[in-house]
Amino acid sequence: MTQGMLVSMADAPAPVRTTGGMSVKQGWRYTRWGSVFLSVDFYAGAPAGIAIGLLPALNKASGSMATTLLIALGAALVAIAAVVVAAVTIFVTLLSPEYEQVLDRLPGGVKGAAKPFVRVAWVSVIGTLCSFAAALAWPAIPQHRWWLLWLTFSIPAALTAQALLGSAQLVSIGSFHVEKRAALMKAVREVRQRQNRPSRSA
């Protein structure tokens with residue numbers, strides 16, 4: 001989900017394709033699971049959520065506030081999902097025939113460029129459901145089962161941290177697309193102007 005997925009537009013190698021147009025050579029980084037587990041928001045967000053989950057599990061004061069915190073996490077994830085929908089809308093408006101041709105040179109093409117948005121949306125939705133479910137289940141968990149308390153809180157916390165970091169990455173990706181599309185359209189205008197000069201002089 002990181003900007004690293006979107007390599008330089010000018011230097012991006014075209015994926016090797018068969019005669020049917022299917023890609024036959026693709027690094028694991030750009031596969032469905034590779035792009036998840038090798039993303040910054042995963043390997044930074046997951047440990048952060050696991051560590052945060054220890055607080056309500058081992059501290060009674062924090063544990064008494066766990067239900068409220070879980071509801072707050074769910075509300076934050078709903079807000080993140082709404083932001084992702086807005087980001088996808090902006091991304092769609094940037095697509096032009098010229099820019100689609102450039103994106104086709106990336107691993108995965110246009111679909112691959114949109115995957116970070118889709119994944120953050122799914123993380124937000126799953127995290128929301130986990131947060132509300134954990135908030136309902138928390139009062140029924142025995143206080144001496146600290147590992148169960150930790151598991152119940154750490155999963156929503158990890159998903160929330162991952163979604164927050166993922167949304168920050170989407171901002172970088174969005175600005176990257178805006179910059180590259182602006183550069184592309186400028187180059188297209190310059191080419192069209194050079195093509196029109198001979199016809200006018202004739």
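Modeller: Below, we take the labels one by one and set the values against their definitions.

Modeller: First, some ground rules: this is a predicted model, where local features need pLDDT of at least 70 and side-chain atom pairs count only at pLDDT 80 or more, while totals for chains, interfaces and linings use all residues. Residues are numbered from 1 along each chain as its sequence is written, and side-chain values use heavy atoms, with hydrogens and water left out.

Biologist: Thanks! What makes up the secondary structure of the chain?

Modeller: The chain has 8 helices and 0 strands, in the order α-α-α-α-α-α-α-α along the sequence. Helices (H or I, at least four residues) and strands (E, at least two) are DSSP runs, numbered from the N terminus.

Biologist: How do you know that the length of helix α5 agrees with what its residues should span?

Modeller: The expected span is 1.5 Å times one less than the number of residues. Helix α5 (residues 66-94) has 29 residues and should therefore span 42 Å; its end C-alpha atoms are 42 Å apart, so the two agree.

Biologist: Why is Thr152 called buried?

Modeller: Buried means under 20% relative accessible area, exposed over 50%, and partly exposed in between (1.4 Å probe, protein chains only). Thr152 has a relative accessible area of 15%, so Thr152 is buried. This threonine lies in helix α8 (residues 146-201).

Biologist: And which residues does Thr152 contact, leaving aside neighbours within four places in sequence?

Modeller: Those are Ala134, Trp138 and Ile141, where contact means heavy atoms within 4.5 Å.

Biologist: What does the side chain of Thr152 reach?

Modeller: The backbone oxygen of Leu148, at 2.7 Å. A polar contact is a pair of N or O atoms within 3.5 Å; within protein, one must be able to donate a hydrogen and the other to accept it, and residues adjacent in sequence count only if both atoms are side-chain atoms.

Biologist: Helix α8 also holds Thr160. Why does Thr160 count as buried?

Modeller: Its relative accessibility is 6%, and therefore Thr160 counts as buried. A polar atom of the Thr160 side chain lies 2.8 Å from the backbone oxygen of Pro156. Not counting residues up to four places away in sequence, Thr160 touches Leu73 and Leu77. Both leucines are among the buried residues of α5, which also include Leu70 and Gly74.

Biologist: Now to helix α7 (residues 109-137), the place of Val125. Why are Ser131 and Thr128 called buried?

Modeller: Ser131 has 0% relative accessibility, so Ser131 counts as buried; Thr128 has 10%, and so counts as buried too. Ser131 and Thr128 are both found in α7. Leaving aside neighbours within four places, Ser131 is in contact with Leu70, Leu73, Gly74, Leu77 and Pro156, and Thr128 touches Gly74, Leu77 and Val78. The Thr128 side chain also reaches the backbone oxygen of Ser124 at 2.7 Å.

Biologist: Why is Val125 called partly exposed?

Modeller: Val125 has 39% relative accessibility, so Val125 counts as partly exposed. In helix α5, Ala79 has 41% and therefore counts as partly exposed as well. Ala79 and Ser124, 45 residues apart along the chain, have C-alpha atoms separated by 8.7 Å.

Biologist: What makes up the nonpolar patch on the surface?

Modeller: Val118, Trp122, Val125, Ile126 and Leu129, with about 500 Å² of accessible area together. Patches are made of residues with over 30% relative accessible area and no salt bridge; like charges are joined within 9 Å, and nonpolar side chains (Val, Leu, Ile, Met, Phe, Trp, Tyr) within 5 Å. A salt bridge is a side-chain nitrogen of Lys or Arg within 4 Å of a carboxyl oxygen of Asp or Glu. Accessible areas come from the Shrake-Rupley method with a 1.4 Å probe; for residues, only the protein chains shown count as cover.

Biologist: Lastly, how much of the chain counts as buried?

Modeller: Of its 202 residues, 36%.
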